[in-house]
Amino acid sequence: MANGSQPPNDERTPLLDSNNHVDENGREGTPEEDFVHLNDQVKTWRRRRWISLIVSAFLILAFIVILILSGVLSRARRKPGMSSSLCLTPACIHAASEILYNLSPNYQTVDPCTNFDTLVCAGFNDRHDIPQDKTSYSTGTIMAENGQTTLRHILESPYPTASEHSSFSPRQLVKLAASTDEENFLMMQETYNSCMNETVLQKVGVAPLVSLIDQVAASFPVAEGGSGDEPVQESDYTALSDTILLLEKIGVGSLVGLSVGADDKNPDVVIVQAYPAGLTLPSPEYYQDNDTIATYQAMLGEVFGALLPSNSSKASAKQLAQSVIDFEKKVAEITPPPEDQSDVTKYYNIAKLADVAKIGPAIGLDSIVKSLVPQNYTADGMLLAFPEFLGNVSEIISKTPKSTVQSYLVWQVINTYSSYVEGPEIEPIARFSNVLSGKDPDTKTERWKTCVSYVDSNLSWILSRFYIEAAFSDEAKKYGDQIIMDIKHQFVSKLNGLSWMDDVVKKLAVNKVNKIDQKIGYPTTSPNITDPDALHAYYNGLTISDSFFNNTLASNTREVNRTWSALGKPVDHGEWGMQADIVNAYYNPVGNEIVFPAGIMQFPVFELELPSYVSYGAFASVAGHELSHAFDNSGRHYDENGNFTDWWTNNTVKEFDTRANCFVDQYSNFTVEGNNGEPLHVNGKLTLGENIADAGGVSAAYAAWKSRTESTPDQSLPGLDFFSHDQLFFVFYANWWCGKMRKEQAIQYIYTDPHSPAAARVLGTTANSRAFRDSFNCPVKEPTCELW
């Protein structure tokens with residue numbers, strides 16, 4: 001609404017046409033008077049424009065003078081080793097402003113040697129709150145959100161016919177390939193739209209889920225009346241095994257996790273693998289917390305009352321909820337700790353199927369495996385991690401009421417598929433999950449985010465193909481390759497310089513580094529995402545409709561079949577374990593490979609147009625981290641070909657263990673706040689591999705950066721002249737870890753996550769870096785712990 005003091009149009013352009021002339025007092029004027037008035041206005045406009053131009057020119061000149069003077073002053077106080085060249089490109093100004101925003105307002109007075117996380121991240125914490133629908137918020141979260149927005153734009157836009165970003169862009173494809181590419185794109189969009197159509201989802205309700213529940217109840221029936229209170233009998237074992245098989249075929253896990261993968265001792269051969277599973281809560285510790293158990297039981301009682309398959313079971317919903325939780329408690333008591341489950345020396349156990357049948361007769365794992373393998377494959381043996389777990393679970397089942405086991409199996413289906421239906425019957429599950437992770441019970445994620453993630457999980461490689469089109473370049477891939485080659489070179493140099501590693505082991509270790517396969521950006525085999533026909537073939541047989549639930553069921557079934565079809569074939573070393581948009585990276589010891597999706601090769605971790613201490617401080621440290629995993633407490637057991645074998649001498653193992661124990665003790669002193677307000681200590685054994693990799697990664701990255709900039713020094717970033725370039729290397733490293741987390745999530749990670757809390761990853765890693773201590777002139781120069 002315009003106020004009465006000025007015309008609605010502040011630019012003073014004529015508002016009314018010549019047939020209706022009215023002056024500011026409301027009087028009508030003649031054309032001659034109007035012309036004189038207009039002439040006066042034009043003269044006024046011209047005077048004002050000249051004054052504006054003169055003032056603008058003066059301001060620009062003043063700004064240039066200020067820049068020159070600031071440059072002179074900056075050079076006068078510049079620290080040794082800093083370039084006299086200041087980068088003032090938009091990319092550099094943006095990077096500098098982001099860092100300045102994230103730094104503590106008092107960064108010039110915070111002691112970096114003891115509080116580097118505060119120095120680098122206090123500003124980030126001040127200006128960012130954790131969104132209602134998230135359990136944490138960090139630099140990585142922002143990168144992931146940016147990627148998710150890119151994916152949303154892809155999914156909600158037409159097929160990009162005119163794009164010519166790369167050699168495989170739609171504009172560059174031949175007509176036939178372009179047609180297949182568009183067909184792939186439309187299948188992906190249809191999947192997204194089926195998820196977004198909440199009107200249909202609400203209309204359908206939980207009916208598709210109820211249909212699955214009925215199948216489970218029919219497969220493992222419990223007669224109406226009192227017979228359900230009797231323990232599972234030997235005569236029930238076949239029905240139980242068939243029901244677990246039914247669940248496996250649609251992607252629902254139960255008491256034993258089943259999959260296929262490379263044999264640790266024969267990495268070119270695919271074998272069946274089984275491992276402990278069966279818990280709903282994040283870890284065994286949660287089953288000892290009375291408040292959590294009470295909330296879990298109340299939720300389960302509500303869900304059972306609405307969805308259990310018979311009237312009698314619904315009437316006994318509260319009692320069945322209690323009995324299922326008691327059953328899970330017993331499973332929790334026999335579950336190996338997470339540090340053991342990730343230790344190949346403890347989990348690697350090859351067993352004959354005939355022996356597996358004897359170890360766990362109630363489950364009938366041998367029968368399940370034989371039904372899942374391809375018809376042309378003879379199942380003889382498998383990797384059975386912790387056989388005593390299978391035996392103990394079988395014993396527990398034999399003493400558990402049949403109605404409890406049926407309810408437990410029904411619950412596995414509900415818990416897996418409840419996200420794909422709408423209705424009040426399943427709302428308690430979402431509320432409980434929110435409470436468990438510290439969120440408001442009624443928090444809901446925006447639907448588009450849920451559906452983007454859904455497509456990214458179910459049609460990963462088609463979506464990755466279009467993500468690469470939008471967010472990655474050949475130049476970025478080449479720069480990533482350069483950084484990783486630099487890391488390899490420095491790691492070899494460090495290995496050769498070690499005094500505690502025997503020469504024979506050094507030689508083999510160097511060979512292992514040189515043979516590490518580096519995968520950057522996106523897969524070009526299995527599938528080749530730049531080839532529309534390859535993508536079409538990869539998803540061949542998957543039928544997409546307007547039914548969200550049916551799409552999920554079809555996708556899960558197809559993925560189970562695809563996974564098990566690998567048996568009898570050589571290991572496919574072209575496969576990736578992460579889609580291209582993921583903000584993460586990994587090392588695969590059996591494949592001796594390091595993998596860096598394009599999602600992590602984005603600002604502020606990676607950027608071509610910035611001084612190299614940015615990408616080397618952040619991305620090269622990530623690359624060094626992944627490479628260091630090849631020589632951590634787990635990776636060291638695998639040789640250059642990915643074989644689990646003893647290739648280290650006893651003396652080298654002893655020296656390694658001495659140094660590794662230093663990391664265990666160091667990180668065990670870091671804490672988070674527990675539920676009762678008491679400090680909860682980091683598990684130094686569970687996090688050992690990641691802590692070793694953090695230290696090794698930064699060490700190799702720093703050495704690689706110093707070598708790279710010997711002949712071509714970096715430019716400086718504006719406003720950051722308080723720091724030397726060496727110090728900025730570590731600032732950009734720590735900036736990657738800026739973030740905050742809800743207390744409940746932090747506690748969960750202490751029990752389950754092999755990574756230390758973010759603050760510990762900054763403070764522990766910098767305490768273990770000789771280069772950091774030198775750069776910031778810390779009183780103690782020796783690292784607290786050091787391996788590589």
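This is a predicted model: local features need pLDDT of at least 70, side-chain atom pairs count only at pLDDT 80 or more; totals for chains, interfaces and linings use all residues.
Figure 1. Ser 138 caps the N-terminal end of H4, with a side-chain oxygen 3.3 Å from the backbone nitrogen of Gly 140.

Figure 2. Asp 181 belongs to helix H5, which covers residues 175-196. The residue is buried, and its relative accessible area is 0%. What does the side chain of Asp 181 make a polar contact with? The partner is the side chain of Arg 465, at 2.9 Å. Neighbours within four places in sequence aside, Asp 181 is in contact with Tyr 159, Pro 170, Leu 173, Arg 465, Phe 466 and Pro 532.

Figure 3. Asp 694 and Arg 761 form a salt bridge in which the closest N and O atoms are 2.8 Å apart. The pair links distant parts of the chain, 67 residues apart: Asp 694 is in helix H27 (residues 688-708) and Arg 761 is in helix H30 (residues 758-767). Both residues of the pair, Asp 694 and Arg 761, are buried.

Figure 4. Glu 427 and Arg 431 meet through their side chains in a salt bridge, with an N to O distance of 3.9 Å. Because the two residues are four apart in helix H18 (residues 427-436), about one helical turn separates Glu 427 from Arg 431. An α-helix has 3.6 residues a turn, so residues three or four places apart point the same way. Glu 427 is partly exposed, at a relative accessible area of 37%. Arg 431 is also partly exposed, at 27%.

Figure 5. Lys 346 is joined to Asp 340 by a salt bridge whose closest N and O atoms are 2.9 Å apart. Are the two partners buried or partly exposed? Lys 346 has 44% relative accessibility and therefore counts as partly exposed. Asp 340, at 18%, falls under the 20% cut-off for a buried residue. In a further view, Arg 558, Glu 559, Arg 562 and Glu 575 are linked in a network of salt bridges. A search of the whole structure finds 25 salt bridges.

**Figure 6. A nonpolar surface patch around Leu 88.** Leu 86, Leu 88 and Ile 93 make a nonpolar surface patch of about 230 Å². Leu 88 lies in the loop between helix H1 (31-77) and helix H2 (90-102). Its relative accessible area is 41%, which makes Leu 88 partly exposed.

Figure 7. The peptide bond from Ser 526 to Pro 527 is cis, with omega near -5 degrees. Most residues other than glycine have a negative phi, and most peptide bonds are trans. Ser 526 also has a positive phi, of about 55 degrees, although it is not a glycine. Pro 527 lies in the loop between strand S6 (517-521) and helix H23 (532-538), and Ser 526 is in the loop between S6 and H23 as well. Ser 526 counts as partly exposed, at 23% relative accessibility.

Figure 8. Asn 592 is found in the loop between strand S7 (586-588) and S8. Its phi is positive, about 45 degrees, although Asn 592 is not a glycine. Asn 592 is buried, with a relative accessible area of 1%. The peptide bond from Phe 603 to Pro 604 is cis, and its omega is near 5 degrees. Pro 604 lies in the loop between strand S8 (593-597) and helix H25 (612-628).

**Figure 9. Overview for the close-up views.** The protein has 31 helices and 11 strands. Buried residues make up 50% of its 788 residues. Among contacts between residues at least 6 apart in sequence, 76% join residues at least 24 apart.

Technical notes: Residues are numbered from 1 along each chain as its sequence is written. Side-chain values use heavy atoms; hydrogens and water are left out. Buried means under 20% relative accessible area, exposed over 50%, partly exposed in between (1.4 Å probe, protein chains only). Contact means heavy atoms within 4.5 Å. A salt bridge is a side-chain nitrogen of Lys or Arg within 4 Å of a carboxyl oxygen of Asp or Glu. Patches are made of residues with over 30% relative accessible area and no salt bridge: like charges are joined within 9 Å, nonpolar side chains (Val, Leu, Ile, Met, Phe, Trp, Tyr) within 5 Å. Accessible areas come from the Shrake-Rupley method with a 1.4 Å probe; for residues, only the protein chains shown count as cover. A polar contact is a pair of N or O atoms within 3.5 Å; within protein, one must be able to donate a hydrogen and the other to accept it, and residues adjacent in sequence count only if both atoms are side-chain atoms.
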